[in-house]
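Hello,

Here is the structure I promised to pass on to you. Please have a look at it first, and then read my notes below.

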Amino acid sequence: MEVIIVADADAVGDVAARQIMATLRRRDTPTFGVATGSSPLPVYRALIGAYQHGVVSFTRTHMFLLDEYLGLPPDHPESYLNVIRTALAGHVDLPAGNLHGPDAAHPDVEHACAEYERVIAELGGIDVQLIGIGSDGHIGFNEPTSSLSSRTRIKTLTAQTRHDNARFFASPDEVPVHVITQGIGSILDAGHLVLVASGESKAASIARAVEGPLAAMFPASAIQLHRHATVVIDEAAAGQLTLADYYRDVYANKPAWQQ
Ligand code: GLP
């Protein structure tokens, strides 16, 4: 795992966007796993900036949502398909049909989950998956005790997560109870994982994900199992890492051919 510590949230966005673009460039028809929440927003701003400067194009890219709420009308601004359209897809040259999410309106949820995994596999799997981290350690919507080998499925949100996400809704009661999320096993199948976080409120979670024991009670610790995970965080989010100086040394002394 590579841990990159930068000054602030904007720098997290710039560095993570460069990591993502480098991986996307390697494939003719790249696939990019996109995440919601506040943490990825600086990444999306940096990608939009790169697109506007002609550095990157998404015409051959397919984007896949990490997760989706169940029970929201399709035109709801907080459905994750709409959130990603607003934050990224609607500002770049991604063809409309190339943004994919699980079919949350399908009457057979299990079928919708299996079908989503099938489409991802058909397009060659996810090349680079961007993830944030929830306050209880969730990735996607894999709440504590999620199987470390889980696949896309329905999950029930914890009271903590519904409380955390209430800020996006008119009232806490409006936050859906159920979601579809890629499983931890699905996430670990991605070729490259890029986890982003910023701010002091993420420091304890980042320390547990990067240095804590591997445990289903803290789903983000599963990134320790991945062969190519990059954690991009700001100084505040790095505040509780025991080996922060070591990660800085590793990054500063990276051989030129690896930069
Ligand atoms: C939601 C998303 C997660 C995200 C989390 C943290 O629950 N499903 O993918 O990581 O929010 O969001 P934030 O970055 O706003 O703290």
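Thr 23 has its place in helix 1 (residues 9–25). Leaving aside residues up to four places away in sequence, Thr 23 touches Asp 127, Val 128 and His 192, where a contact means heavy atoms within 4.5 Å.

Before you go further, please note that this is a predicted model, in which local features need pLDDT of at least 70 and side-chain atom pairs count only at pLDDT 80 or more, while totals for chains, interfaces and linings use all residues. Residues are numbered from 1 along each chain as its sequence is written, and side-chain values use heavy atoms, with hydrogens and water left out.

Now the overall picture. The chain has eight helices and 10 strands; these are DSSP runs numbered from the N terminus, with helices being H or I of at least four residues and strands E of at least two. Its radius of gyration is 17 Å, close to the 18 Å that the globule rule gives for 259 residues, so the chain is as compact as a globular protein of that length. That radius is taken over C-alpha atoms, and the rule is 2.2 Å times the number of residues to the power 0.38. Of the 259 residues, 55% count as buried. Among contacts with a separation of 6 or more, 77% come from residues 24 or more positions apart.

Seven strands form an open sheet in the order 1-10-9-6-2-3-5, with parallel pairing; two strands pair if DSSP finds at least two bridges between them. Strand 1 (2–6) and strand 5 (99–100) stand at the edges with a single partner strand each, so one side of each has no neighbour in the sheet. Strand 2 (residues 31–34) pairs with strand 3 (residues 62–65) in the parallel sense over four bridges, and Thr 31 stands opposite His 62 in strand 3.

Finally, the charged side chains. By the rule used here, a side-chain nitrogen of Lys or Arg within 4 Å of a carboxyl oxygen of Asp or Glu, the count comes to nine salt bridges. Glu 115 is partly exposed at 30% relative accessibility, and Arg 118 is partly exposed at 40%.

Arg 248 lies in helix 8 (residues 244–252) and Glu 235 in the loop between strand 10 (229–234) and helix 8, so the pair ties together parts that are 13 residues apart in sequence. Arg 248 also forms a salt bridge with Asp 245, with the closest N and O atoms 2.9 Å apart. Asp 245 is exposed, with a relative accessible area of 55%, whereas Arg 248 is partly exposed at 31%.

Best wishes

Key:
Buried < 20%, exposed > 50% of the residue type's maximum accessible area, 1.4 Å probe, protein only.
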